[in-house]
Amino acid sequence: MGSNASFGLSLFLQQTAREPADAGSAFGGLFWLVIALDVLNTLVALYFLWRIWFRDPAARQPGA
Amino acid sequence: MIDVSQRRYQVIGTAWSAWFVNYIDRTKTAALLPLITVSLAMDTSQTGSVLFAFFIGYAAVQPVAGFLTDLVGAKKTLALSVAAFSIFTWTMALVGNWQELFIRNLLFGISQGFEVTAGSRLAATWFPPATRGRAFAFHQSAYTIAPILAPFIAVPIAQLTGSWRWSFMVIAFFGLPVLAAIDRLVTDRPERDARISEAELAYIFGADSHKRGAVLDPARATSDEQLPPGERVTPYREIFLNRSVALMFVAGFFGLLASWGLTTWLPTYGVQQLKLPLILAGSLSSVVYAGSLVGVIGGGILSDRVFGTKRTPVWLFGGIIMAAAILWATTFQPGAPLIEMYAAFFIAGLAASMSPTGQLFAPYLAELLTPGAVGRSLGVVVLGGMIGSAVAQPLVAALVVQTPNGPQFGGAFLLFAACGVVVSVCVALMIEPRVHRTYLGYLLAGRKEGSWEATPASA
């Protein structure tokens, strides 16, 4: 963890501009693309979760 | 040569991927933390609270994660952990203040706590004792490789896009192929897998490969005949009133207190006490992880091939060697040769990984108890380790002494060394199932096996 923090700190030292706290401002015109990607990511993750929890085709029934 | 068409390799490879993405998130958050704290105008106390939230969420969920893993199966809990990774990682890109970050890290810690019990149970269930140590060593290599690679993934994305938020957006998608692999490749138990060959089943379970078992929970069965192959009846009192499990809890607390305390504070120690340039100070932690990688792989091979599937001999001197390496490090002052520093911290990382929370814990618990109880027992052990990880940060901060020459970390290093000694003492008192007594007792008695038996009476 520590080494990663120092890599991040190096990056920070290279940057002159402070990024805004508001994500909308940070992403600018791409904000809605970001939201669309997030929704897509979540839907795909939930789809796999549903398949694995409720429709698992790989497992045999007990005693099979 | 490994035949990847064998189902057990597909299962352990998928568990490795899940463990890898779990650690990628933890370490990329740390890598980008300096940028995040400036962006969200966080002070040191708020940053500490945010880091603490992850560990305390992770620790709090361990007993539940262990039970759920044994109850619903490792596949479902593994999927839960990776799906949560996919969702919580992108939420990081949208946080606007430290309170949101705190809640996100708490929830993330809770969800990620399910991976270790699930991956460990899969390794314990899918591999026979003869190769279980090496299989689990491969699984554990993920936690040493991810911290080495994460900065080279997260930081270039942030540099390229000019925002730390894009790193989280991109890495959030890493979880989806892992979820697809879990869906396609993982089954909770070998004998219930539709695609496994009879030859592979015979390899895993030997003469018992024909068994199926109507009762999956070793704590609920009344006879071994009711259980799947490779399992034995293991009542709850044997799991939770077990001397060796309790010692693993204590060893986990002190072992992870030392290793997380060391790796988190090493760059600060390098810059402030040794007056090293930032990049060299940061590389000290990378050297610790490189040592852990060698230790994890080497420990699995040693356990399976040299010690005849005994697990505790690998752990026995790990804590003491770590203590010696850290005591060596207390002698370093500005101008000390870099190669000596690297050697000391490489040895410290290697030895720290040779502990009951660094490696071989799943094979050990499977052999001390039964593979079907690995989730529950490991939940107890990891709980101890994560409490140690959480208290390490404020404890180290309190032990750093401010002097006219700058901060001195000697007190903190002495604490880490003492933790290493406690870990070795705990291991010395743990039962080695293969010789039916403690391994130290076995050696002192001229390699004579003891009378311990894996029955409720011995717990």
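**Figure 1. Surroundings of B:Ala83.** B:Ala83 touches A:Ala45, A:Leu46, A:Phe48 and A:Leu49 as well as B:Gly175 and B:Leu179, leaving aside residues up to four places away in sequence. Contact here requires that the C-beta atoms of two residues, placed from the backbone, lie within 7 Å. The model is predicted: local features need pLDDT of at least 70 and side-chain atom pairs count only at pLDDT 80 or more, whereas totals for chains, interfaces and linings use all residues. Residues are numbered from 1 along each chain as its sequence is written, while chains are lettered from A and ligands numbered from 1 in the order in which they are written.

**Figure 2. The largest nonpolar core.** This core has 160 residues, and B:Ala79, B:Val82, B:Ala83, B:Ala123 and B:Ala348 touch the most other members. H11(B) supplies the largest share, 15 residues. Domain 1 (1-192) and domain 2 (234-446) of chain B each contribute at least three residues to this core. A nonpolar core is a set of buried Ala, Val, Leu, Ile, Met, Phe, Trp, Tyr and Cys residues joined through C-beta atoms within 7 Å. A residue is buried if 20 or more other C-beta atoms lie within 10 Å of its own, exposed if 12 or fewer, and partly exposed in between, with C-beta atoms placed from the backbone.

Figure 3. Chain A has three helices and zero strands, in the order α-α-α from the N terminus on. Helices (H or I, at least four residues) and strands (E, at least two) are DSSP runs, numbered from the N terminus. Of the 64 residues in chain A, 27% are buried. In the contact between the chains, 60 residues of chain B meet 38 residues of chain A. On the side of chain B that touches chain A, H1(B) gives the largest share, nine residues. That side of chain B consists of 37 nonpolar, 15 polar and eight charged residues. Ala, Val, Leu, Ile, Met, Phe, Trp, Tyr, Cys and Pro count as nonpolar, Asp, Glu, Lys and Arg as charged, and the others, Gly among them, as polar.

**Figure 4. The two domains of chain B.** Chain B is assigned domain 1 (1-192) and domain 2 (234-446), with bounds that come from an automatic or database domain assignment. Their centres, taken over C-alpha atoms, are 21 Å apart. Domain 1 of chain B brings 35 residues to the contact and domain 2 of chain B brings 36 residues. On the domain 1 side, helix H2 (44-72), helix H4 (98-126), helix H5 (129-140) and H6 of chain B give two or more residues each. H2(B) gives the most to this side, with 14 residues.

**Figure 5. Helix H6 of chain B.** H6(B) (residues 142-161) has 20 residues and spans 27 Å from first to last C-alpha, close to the 28 Å expected at 1.5 Å a residue; the expected span is 1.5 Å times one less than the number of residues. A kink of about 40° lies at B:Leu149, shortly before B:Pro151, the bend being the angle between axes fitted to the seven residues ending there and the seven starting there. Buried residues of H6(B) include B:Tyr143, B:Pro147 and B:Pro151. B:Gly162, which follows H6(B), has a positive phi near 80°.

**Figure 6. B:Arg311 in a loop.** B:Arg311 is in the loop between H12 and helix H13 (312-316) of chain B. B:Arg311 counts as buried because it has 33 C-beta neighbours inside 10 Å. B:Arg311 touches B:Gly133, B:Ser303, B:Leu360, B:Pro363 and B:Tyr364, not counting residues up to four places away in sequence.
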